[in-house]
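Here's a quick walk through the local geometry of this model, written for someone who likes to know the cut-offs. Have a look at the structure first, then read on.

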Amino acid sequence: MRATTSGILAGLGLIGALMATPPSLAQQAPALPAERPNFVLVLVDDAAFMDFGIYGGEARTPVIDRLARRGMIFSNYHSSPLCAPSRAMLLTGLDNHRTGLATIPEVLPPEHRGQPGYGMSLEPGVVTVADHLQAAGYRTYMTGKWHLGHGEGDLPDAHGFDRSFVLDASGADNWEEKPYMPYYRTADWFEDGARAHLPDEFYSSEFLVDRMIDYIDADSDGGRDDPFFAYLAFQAIHIPIQAPAAFTANYHETYSQGWEALRQARGRRAVELGLVSATSSIMPLPERMRAWSDLSEADQALYARSMAVNAGMLEAMDHHLGRLVEHLETTGQFDNTVFIVTSDNGPEPSHPVGEPGFGTWMTLHGYSRELENLGETGSYAFIGPEWAMAAAAPFNLFKFYASEGGLRVPFLIAGPGIARGQHSQAAGYVTDVTPTILDLAGLSELTGDVTGRSLRAVISGEADNAYAPDDAVGFEVSGNSALFRGDYKLVRTMPPWGDGNWQLFNLAIDPGETFDLAPGQPELAATMLADYTAYAEANGVLDLPDGYDVHNQISINATLRQLEFYGWQLVFVILLILGLGGFGLYQAVSFWRRH
């Protein structure tokens, strides 16, 4: 594959140097800030573990890379495998089932609707990090994807945010105010809890940063000098992937050798950068996936361009994040700001154009999938399962599944009180973000009621890990489940990419999950399964109904929503057809009788 960008070289330089002769973290423990810090929490949507330049990715992300050099990157941090559960865990520090977001509405079976933990919005009594910070005098802002409930009482204004401009759906178009899948009729945006509309000139990453800067400045200009918490939840790089042509053009040739080549290249770079052990192996693409060489030249060009758009969208996001960073520097707020940058889950494998009726839906909503303008206004791009598997390297599978490719994502934190230029292999989880922020804000007394733990001792250099080797941490979303304990992981992968059986892996030596230890270590597997059962019972995890199939459930739920939206129109058309048919039959009978 073609040599990639400066982001990879920067990552090699930083992490390589750290792994060669790393100084003691304790020797570099920074002084704590004299005043309460600001926080900027950046959530990228569907970014793979190695997508940022500092992690070895092809996209140019100089702003994220610079922040990483100012702080600490993690290579053993895990989120949940799906967007809304991850966001609920991120903002509360609680397991997703305890928040009300056990999964997402699009895949929810009817048997789970309305059950405790499955209400599909933050349940009464669930407190967010913004609630805590707001009560402590922080200014609190959010822009971007919310996806934690719809309507009065379920939006950010009811959960601790002073100002917010958010999308309540799982995704939307990045150029226009329109939906991205048949589950939605419209793209619903809200400002401070009220229905809002996008400007005529709109690109998601640019607009979300603009609005965040506006919120920060409005309060500062109004005389408020309290510290702030800014939650910036980008649409990048969720379907549909879209980017200005100038960014996409930087990667027109980068992915021309195909997904097998990218998967192998990323796997090698992960070892070179010290992100995984040298003993790591990498799973080949599953047999049901297409070989790059089997594609026609036209399809190869279209799929290579899709990955170019994906990288371009990441670079565009990083560019606009840089405008926020520059603004905070100009206004003297940068040095006292803690930045956290991460992803909600692994890369998106969906191949929507293969679904029945999706092409018609695209046409009705003004979408096309043509090489010439891919990524630009009116286009609909995605990477599909093969590229997602490649992007997830050196790990197995991708978003929605509890394999490492779905759970292990990039995580970096930088700012006052955080060791500089460090790479941590400590375990970290999405539920740790809220207690860490509260701890850094001087509100550690509020972290006792959460599932996660503060990482403050790790990021300050005072400790190597926040978790003991026998601590058990569980995850579950729609049957896809994992239990972490020390170096070991018990995981269950549901169809269509798994068989629903439990497997056991040692992630320290086999992060690619290539060799199942369960047959050879049945006692360890049994004790970890007991830990998972205890986790599931404590958090109200429901078993899936018999015969559950996630793709069928998405189709059923989307069809029901379309009937909800357009059912009366469909009835009218049917009646019209029947009426015209009846009139025609009457005419025919009359003609027959006359002749």
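This is a predicted model: local features need pLDDT of at least 70, side-chain atom pairs count only at pLDDT 80 or more; totals for chains, interfaces and linings use all residues.

Residues are numbered from 1 along each chain as its sequence is written, and side-chain values use heavy atoms, with hydrogens and water left out.

**Strand β1**

A word on naming: helices (H or I, at least four residues) and strands (E, at least two) are DSSP runs, numbered from the N terminus. "Buried" here means under 20% relative accessible area, with exposed over 50% and partly exposed in between (1.4 Å probe, protein chains only).

Let's start with β1, which is largely enclosed by the rest of the structure, because seven of its seven residues are buried. N38, V40, V42 and V44 point one way from the strand, while F39, L41 and L43 point the other way.

Which strands does β1 pair with? Two strands pair if DSSP finds at least two bridges between them. β1 runs parallel to β9 (residues 337-343), with seven bridges joining the two; V44 has S343 in β9 as its bridge partner. β1 also runs parallel to β8, this time with five bridges, and V40 stands opposite A230 in β8.

Zooming in on one pair, β15 (residues 488-492) and β16 run antiparallel and are joined by five bridges. V491 has Q503 in β16 as its bridge partner.

Contact, for the record, means heavy atoms within 4.5 Å.

| Helix pair | Angle | Axis separation |
|---|---|---|
| α8 (residues 259-272) and α11 (residues 384-391) | about 15° | 7 Å |
| α6 (residues 204-221) and α9 (residues 297-330) | about 15° | 8 Å |

For the labels, angles under 35 degrees count as roughly parallel, over 145 as roughly antiparallel, 65 to 115 as roughly perpendicular and the rest as oblique. A crossing is left-handed if the near helix is turned anticlockwise from the far one by less than a right angle, and right-handed if clockwise. As for residue classes, Ala, Val, Leu, Ile, Met, Phe, Trp, Tyr, Cys and Pro count as nonpolar, Asp, Glu, Lys and Arg as charged, and the others, Gly among them, as polar.

The crossing of α8 and α11 is left-handed. On the α8 side, W259, L262, R263 and R266 meet E386, W387, M389, A390 and A391 of α11. By class, this α8-α11 contact has six nonpolar and three charged residues, with no polar ones.

α6 and α9 are roughly parallel to each other, and their crossing is right-handed. Here S205, E206, V209, D210, I213, I216 and D217 of α6 meet M317, H320, L321, R323, L324 and H327 of α9. The contact of α6 with α9 divides into six nonpolar, three polar and four charged residues.

Most residues other than glycine have a negative phi, and most peptide bonds are trans. So where are the exceptions?

D46 isn't a glycine, yet its phi is positive, at about 70°. D46 is found in the loop between β1 (38-44) and α2 (62-70), and counts as buried at 2% relative accessibility. E513 also has a positive phi, near 55°. Its place is the loop between β16 and α15, and at 4% relative accessibility E513 counts as buried.

On the cis side, A236 and I237 are joined by a cis peptide bond with omega of about 5°. I237 lies in the loop between β8 (228-233) and α7 (245-248). The peptide bond from P495 to P496 is cis too, with omega near 10°, and P496 sits in the loop between β15 and β16.

Terms used. Axes are lines fitted to C-alpha atoms, for helices over the stretch in contact, and angles run from 0 to 180 degrees between N-to-C directions.
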